Amino acid sequence: MPGAERLRYRQACIEMLFHPPAYTFLDALHIQAALSADFLPVCVAGIILTTLMDYAELNKHALSGWFPGHMLRAGKQLQESIRLVDLLVELLDARAPLSSRNPELLAGQRHKPRILLANKADLADPAVSRQWEAYFAAAGERIMFVNSHRLGNVRRLLQDWKQFAWAGKSRPAFVRPLRIMILGIPNVGKSTLVNRLHRRNKVQVGPKPGVTRQNQWVSLDDGFELLDTPGVIWPRLRDKCHELLLNLLGNIRDEVVEPYLSAQFLCLKLQELGAEQRLIDLIGADAAKAEPEKTLTLYARKRNFLLPGAEPDLERATVAFIKDFRDGKLGSLSLEKPPATDKSF
Ligand SMILES: Nc1nc2c(ncn2[C@@H]2O[C@H](COP(=O)(O)OP(=O)(O)OP(=O)(O)O)[C@@H](O)[C@H]2O)c(=O)[nH]1
Ligand SMILES: [Mg+2]
């Protein structure tokens, strides 16, 4: 290899060590082809180390500790109501099923029939959703990926649930409606599901967490009663990246999380997932391998979000970038893969 090219590759490697997400694994392969064997281990170690370091950098920020009093009360009320119901339908976000599952909500409720619904499946990558289906099936859990806005045959779905709930049990002496509790973290789509099952808008829904504040019973015509519950998050999240992930998905209020960190996390995720093409489509070719700050600068310029003096308005760009993700403008995207393949765990 000519000396100048060799020098360029060496510089790329050093830059990779200090500016992590700017280079992809593909670059590493090119560099691998070009480098002498002695420099290769440094290069590979650099990639692994720096990718981890970026999430670690975000994790240095303190958690917001958002756990309002009404949520504590809602959690207790929910626990008390479990004995009143025959079936638990626990909603997760299809884009991050494990991270959006409250581990404390149903702890110790192993005997109540339970179905997992991974909602907002229209926003998730279908191939990753299939991997998740296999993951949960292997753990012996029953899960369905759904879009609550377009639920298929509601009558058949409810009959399936009834069969599952009553399976192996002697029927109650009197005929009474099957009682189903719909639960999960905030803004995951519980009330939307209740409205869809009812086929009329009975309960309030909204794009922010914390819309439902009280347990609310809704009776269906055909022998079912649904209990819509307020979303409950748990006080001990894994780390800051976990909080940023839930904020991106809309489960944690924007007011309590620094939007700039959420946007950075999203940029890192896109690079980790190899989804740079989404950035290229949204922003342009330069965004493919840029660092998060550069990506947001390019996005601000693309959207013409400029301050006096033609400086990019990063604050406005951050909010709009997150909104684009939430509105699905980056395409169907899963932010979490089954464990062992996800670096942010
Ligand atoms: N794309 C998409 N959006 C959905 C789906 N289900 C619900 N939503 C949207 O998600 C937002 C939250 O819906 P809600 O039904 O209010 O969520 P919730 O879980 O009841 O929220 P809290 O009452 O705050 O706990 C709304 O803007 C819904 O339109 C879905 O399957 N796909
Ligand atoms: Mg609700």
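Visitor: How many bridges join strand 4 to strand 6, and do the two run parallel or antiparallel?

Guide: Strand 4, residues 178-184, is joined to strand 6 by 5 bridges, and the two strands run parallel. Please keep in mind, as we go on, that this is a predicted model. To read such a pairing, one looks for residues that stand opposite each other, and here Leu178 stands opposite Phe224 in strand 6.

Visitor: In which sense do strand 5 and strand 6 pair?

Guide: Strand 5, residues 216-220, pairs with strand 6 in the antiparallel sense, again with 5 bridges. In this pairing Leu220 stands opposite Phe224, the residue of strand 6 that Leu178 also stands opposite. Strand 5 and strand 6 form a hairpin with 3 residues between the strands, and in this hairpin Gly223 takes a positive phi, near 85°.

Visitor: Is Asp125 buried or partly exposed?

Guide: Asp125 is partly exposed, because 19 other C-beta atoms lie within 10 Å, whereas 20 or more would be needed for a buried residue. Asp125 is found in the loop between strand 2 (114-119) and helix 5 (126-138). When its neighbours within four places in sequence are left aside, Asp125 is in contact with Ser332, Leu333 and Ser334. There is also Arg95, which is 30 residues from Asp125 along the chain, while the C-alpha atoms of the two are separated by 7.6 Å.

Visitor: Which residues come nearest to ligand 1?

Guide: One reads a shell by asking which residues and which elements supply it. Around ligand 1 there are 23 residues, of which Gly189, Ser191, Thr192, Thr212 and Gly231 come nearest. The shell divides into 8 nonpolar, 12 polar and 3 charged residues, and its largest share, 3 residues, comes from helix 7, residues 190-198.

Visitor: What span does helix 6 reach from its first C-alpha to its last?

Guide: Helix 6, residues 154-166, has 13 residues and reaches 18 Å, which is close to the 18 Å expected at 1.5 Å a residue. After helix 6 comes Gly168, whose phi is positive, near 75°.

Key
Residues are numbered from 1 along each chain as its sequence is written. Chains are lettered from A and ligands numbered from 1 in the order in which they are written. This is a predicted model: local features need pLDDT of at least 70, side-chain atom pairs count only at pLDDT 80 or more; totals for chains, interfaces and linings use all residues. Helices (H or I, at least four residues) and strands (E, at least two) are DSSP runs, numbered from the N terminus. The expected span of a helix is 1.5 Å times one less than its number of residues. A residue is near a molecule or strand if its C-beta atom, placed from the backbone, lies within 6 Å of it. Ala, Val, Leu, Ile, Met, Phe, Trp, Tyr, Cys and Pro count as nonpolar, Asp, Glu, Lys and Arg as charged, and the others, Gly among them, as polar. A residue is buried if 20 or more other C-beta atoms lie within 10 Å of its own, exposed if 12 or fewer, and partly exposed in between; C-beta atoms are placed from the backbone. Two residues are in contact if their C-beta atoms, placed from the backbone, lie within 7 Å. Two strands pair if DSSP finds at least two bridges between them.
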